[in-house]
Structure formats: structure tokens, C-alpha cells
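This report describes the sheet, the nonpolar cores, the aromatic contacts and the backbone of the structure shown below. The model is predicted.

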Amino acid sequence: MEVTRRGSLMLGGACALAACTPVRPASNLRPADSLDSLARRTGRRFGSAVSWSPPNADRGSFANPAYASILERECGVLVPENELKWQWTRRNEGQFEFKSFDAIADYATSHNFLLRGHTLFWTPTQWYPEWLKTHDFGARPASAAAAMLTEHVQTVARRYGKRIYSYDVVNEAVQPETGEIRDTVVTKAMGAKPSLI
């Protein structure tokens, strides 16, 4: 069976979606005039990106009491800024690290937020961990790259299960200046560039 880049990305997305069914908070704990409550009146949700940081080192983090107060009052959804991206979760080849995102997930759960998984595969190479930028996929690069993506998606989706209600599976796949699908070390290993049509 030939492994294509598009097929592998679709498989990864299907694995993530199959593992994660939407979970809704048991009750809406936000004030009736919160931005999330107002958004819900039109079938939408309001949320914010959030970062992990140690106490007293604010990065838009729930560790900052003033920032956390705004999140807890106004938001119904949290999205990790970077902590689920490969440069945080796979800093070293063959090793996953979830400490920072675990803290975000625990905070979201304890404060009744929906949690969005951002992102399973982010294409701008400049943000890859160093080991991935120059990774050698060996004699069968398409199979090796597909296996790597599948392992990543399954590891994340199995770890967080229903705690994450939705995922950004592939983020920024298109080069804005050209409208073409971005080439990366991973997508190049998978072979021919798929069409957007």
C-alpha cells in the first residue's frame, strides 16, 4: 500500500477525532453577562489562548491570578498557546513531554472549561524541534513519516481522551503568499504534493 502525505494526515485526524467525543461542562458556571454566556446566545463559544508558566513568570498564564480571574469570569474554552505543539511535547526524538500541557488540562478541568487541542501538526518548519528539522527518515521515508505522525496523534489523543473536546489537527498547512501546501521535512518525506482541489 502506498502511503501518501494526504492519507497520513487524514488518518491522523481520524485517529484524533475517533478518540475524542465532545464533552460539555455539567453546568455553566460563568456569569450571565460573561463573554462566553453572550456568545452562547448565538450558538458560539468564547475562549482564550492560555500558556503555562511558573508562578511570577507571567506569559498569559493561569498562574497569574489577575489573568486567571478574567479567564474564569469570561471564557468557556481554553486553547494552549504552544504547549501541545511538537517543540514542547517532543523536544527530544523518541520522547514525549506533557508536563506543561498537563498543567493546562488540569486547570481547564478543575475550572469547568472546554479544552481545545492546538495542534497535532503545525507545519512551519521554523517552529519544529531541532531534531525534527534535520530528521533522516531512512530508506522508506513515506512509511517512516506516516508512522511518526500516527504515533504522535495516537499518543496525544489517548493521553487526553475526552478531556479535549476538539483538535486543530493540521495548522497553517497553506503558505499564505502562494496558496500552496507548505513543504516541510515531514511532508517531503511523504512524497508528492497533494492538490488543494
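## The sheet and its helices

Four strands form an open sheet in the order β1-β2-β3-β4, with parallel pairing. β1 (47-50) and β4 are the edge strands, each of which pairs on one side only. Neighbouring strands of this sheet are turned against each other by 25 degrees on average, direction ignored. In general, the strands of a sheet pair through backbone hydrogen bonds, in either a parallel or an antiparallel way. Between β1 and strand β2 (residues 77-80), the parallel pairing runs over four bridges. Ser 48 is found opposite Leu 78 in β2.

Two helices that pack on the sheet may be described next. Helix α3 touches β1 and β2, and its direction makes about 150 degrees with that of β1. Helix α7 packs on the sheet through β3 and β4, and its direction makes about 170 degrees with that of β3.

## Nonpolar cores

The largest nonpolar core has 23 residues, and those with the most contacts inside it are Leu 71, Leu 78, Phe 101, Leu 115, Tyr 160 and Tyr 167. At least two residues of this core come from each of α3 (65-74), α5 (99-110), β3 (114-122), α7 (141-160) and β4 (166-171). The element that gives the most to this core is α5, with five residues. Apart from this core lies another, of 14 residues, among them Trp 86, Trp 131, Leu 132 and Ala 189.

The surroundings of Leu 115 illustrate the packing in the largest core. Not counting residues up to four places away in sequence, Leu 115 touches Leu 78, Pro 80, Phe 101, Ile 104, Ala 105, Ala 108, Arg 163, Ile 164, Tyr 165 and Ser 166. Leu 78 and Phe 101, like Leu 115, are listed with the residues that have the most contacts inside the largest core.

## Aromatic pairs and charges over rings

A pair of aromatic rings is described by the distance of the centres and the angle of the planes. With centres required to lie within 6.5 Å, the count comes to eight aromatic pairs. The rings of Phe 96 and Phe 98 have centres 5.7 Å apart and planes at 15 degrees, so this pair is stacked, given that stacking requires planes under 30 degrees apart. Phe 96 is partly exposed, with a relative accessible area of 21%, whereas Phe 98 is buried at 6%. For Phe 121 and Tyr 128, the ring centres are 6.3 Å apart and the planes stand at 50 degrees, so the pair is tilted. Both Phe 121 and Tyr 128 are buried. Ring pairs also link Phe 96, Phe 98, Phe 101 and Tyr 160 into a cluster.

Charged side chains also lie over rings. Lys 85 is placed over the face of Trp 122, at 3.8 Å from the ring centre. The charged end of Arg 91 sits over the ring of Trp 88, 4.9 Å from its centre.

Gln 87 belongs to helix α4 (residues 86-89). With a relative accessible area of 18%, Gln 87 is buried, because the cut-off for this class is under 20%. Its contacts, not counting residues up to four places away in sequence, are Asn 82, Trp 122, Trp 127, Tyr 128 and Pro 129.

Trp 52 lies in the loop between β1 and α3, and is partly exposed at a relative accessible area of 26%. Trp 52 and Asn 82 are 30 residues apart in sequence and 8.8 Å apart in space, C-alpha to C-alpha. Trp 52 touches Arg 59, Ser 61, Phe 62, Glu 83, Ser 100, Ala 103 and Ile 104, again not counting residues up to four places away in sequence.

## Backbone geometry

Most residues other than glycine have a negative phi, and most peptide bonds are trans. His 118 and Thr 119 are joined by a cis peptide bond, with omega about 0 degrees. Thr 119 has its place in strand β3.

Positive phi values are found at Asn 112 and Glu 172, neither of which is a glycine. Asn 112, with a phi of about 65 degrees, is in the loop between α5 and β3. Glu 172, with a phi near 55 degrees, is in the loop between β4 and α8 (185-190). Glu 172 is partly exposed, with a relative accessible area of 39%.

Terms used. Residues are numbered from 1 along each chain as its sequence is written. This is a predicted model: local features need pLDDT of at least 70, side-chain atom pairs count only at pLDDT 80 or more; totals for chains, interfaces and linings use all residues. Side-chain values use heavy atoms; hydrogens and water are left out. Rings of Phe, Tyr and Trp (its six-membered ring) pair if their centres lie within 6.5 Å; planes under 30 degrees apart count as stacked, over 60 as edge-to-face and the rest as tilted. Buried means under 20% relative accessible area, exposed over 50%, partly exposed in between (1.4 Å probe, protein chains only). A charge sits over a ring if NZ of Lys or CZ of Arg is within 6 Å of the ring centre and within 35 degrees of the ring normal. A nonpolar core is a set of buried Ala, Val, Leu, Ile, Met, Phe, Trp, Tyr and Cys residues joined through side-chain atoms within 4.5 Å. Contact means heavy atoms within 4.5 Å. Two strands pair if DSSP finds at least two bridges between them. Axes are lines fitted to C-alpha atoms, for helices over the stretch in contact, and angles run from 0 to 180 degrees between N-to-C directions.
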